[in-house]
Amino acid sequence: MSSSQAIKAAGHVWLSGQIPADSQGNLITGSMADKTQAIIRNTEAILEEAGSSPDRVVKVVVYAKDASIMPEFSKVYNPAFPHKPARSMAEVSELPAGVDIQVDFIAVV
């Protein structure tokens with residue numbers, strides 16, 4: 001069984017974890033800025049399809065294999081989410097497909 005990109009429930013859109021990949025699912029292997037841009041592009045598309053938008057994101061959880069990526073991540077993330085949704089970060093030992101970052105988003109509809 002495959003998972004959904006997003007589920008709408010209780011006035012929210014709950015996105016599946018977003019990893020750095022292009023629209024065909026090919027992993028992005030460039031800089032953390034490149035990876036973050038890909039995650040944001042994918043998130044924008046999923047949110048729009050679900051009837052929401054990036055400015056309606058209320059919670060973000062960043063999972064990273066190394067917390068030192070956060071300054072470079074934030075340089076791309078902060079301008080994309082100037083309303084500053086609540087954000088958590090967790091350093092983890094492993095992520096799907098061997099990537100070094102995954103981001104979860106929750107938005108209101």
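Visitor: What share of the contacts in the protein with a separation of 6 or more comes from residues 24 or more positions apart?
Guide: Those residues account for 74% of them, where contact means heavy atoms within 4.5 Å. This is a predicted model, where local features need pLDDT of at least 70, side-chain atom pairs count only at pLDDT 80 or more, and totals for chains, interfaces and linings use all residues. Residues are numbered from 1 along each chain as its sequence is written, and side-chain values use heavy atoms, with hydrogens and water left out.

Visitor: Thanks! How many helices and strands are there?
Guide: The protein has two helices and five strands, and their pattern along the sequence is β-β-α-β-α-β-β. Helices (H or I, at least four residues) and strands (E, at least two) are DSSP runs, numbered from the N terminus.

Visitor: And what is the strand order in the sheet?
Guide: The order is β1-β2-β5-β3-β4, in an open sheet of five strands with mixed pairing. Two strands pair if DSSP finds at least two bridges between them.

Visitor: Which strands stand at the edges?
Guide: β1 (6-9) and β4 (86-91) do, each with a single partner strand, so one side of each is left without a neighbour in the sheet. On average, neighbouring strands of this sheet are turned by 15° against each other, direction ignored. Axes here are lines fitted to C-alpha atoms, for helices over the stretch in contact, and angles run from 0 to 180 degrees between N-to-C directions.

Visitor: Let's talk about β5. How many bridges join it to β3?
Guide: Seven bridges join β3 (residues 57-64) to β5 (residues 101-108), and the two run antiparallel. V57 has A107 as its bridge partner in β5, while A64 has I101.

Visitor: How does β5 pair with β2, parallel or antiparallel?
Guide: Antiparallel, over three bridges. W14 stands opposite I106 in β5.

Visitor: How many residues of β5 are buried?
Guide: Six of the eight, so β5 is largely enclosed by the rest of the structure. Buried means under 20% relative accessible area, exposed over 50%, and partly exposed in between (1.4 Å probe, protein chains only).

Visitor: Switching to helices, where does α1 lie?
Guide: Helix α1 (residues 32-49) lies across β1, β2 (12-15), β3 and β5, running at about 30° to β5. Its buried residues include M32, I39, I40 and L47, and what covers the buried residues of α1 includes β1, β2, β3, α2 and β5.

Visitor: What comes just after α1?
Guide: G51 does, with a positive phi of about 85°.

Visitor: What about α2, which strands does it lie across?
Guide: α2 lies across β3, β4 and β5, and runs at about 155° to β4.

Visitor: I clicked on Y77, in helix α2. Is it buried or exposed?
Guide: Y77 is buried, with a relative accessible area of 3%. Not counting residues up to four places away in sequence, Y77 touches T36, I40, V60, P85 and R87.

Visitor: Last one, what is the radius of gyration?
Guide: The protein has 13 Å, which agrees with the value near 13 Å for a compact globule with 109 residues. The radius is taken over C-alpha atoms, and the globule rule is 2.2 Å times the number of residues to the power 0.38. Of the 109 residues, 37% count as buried.
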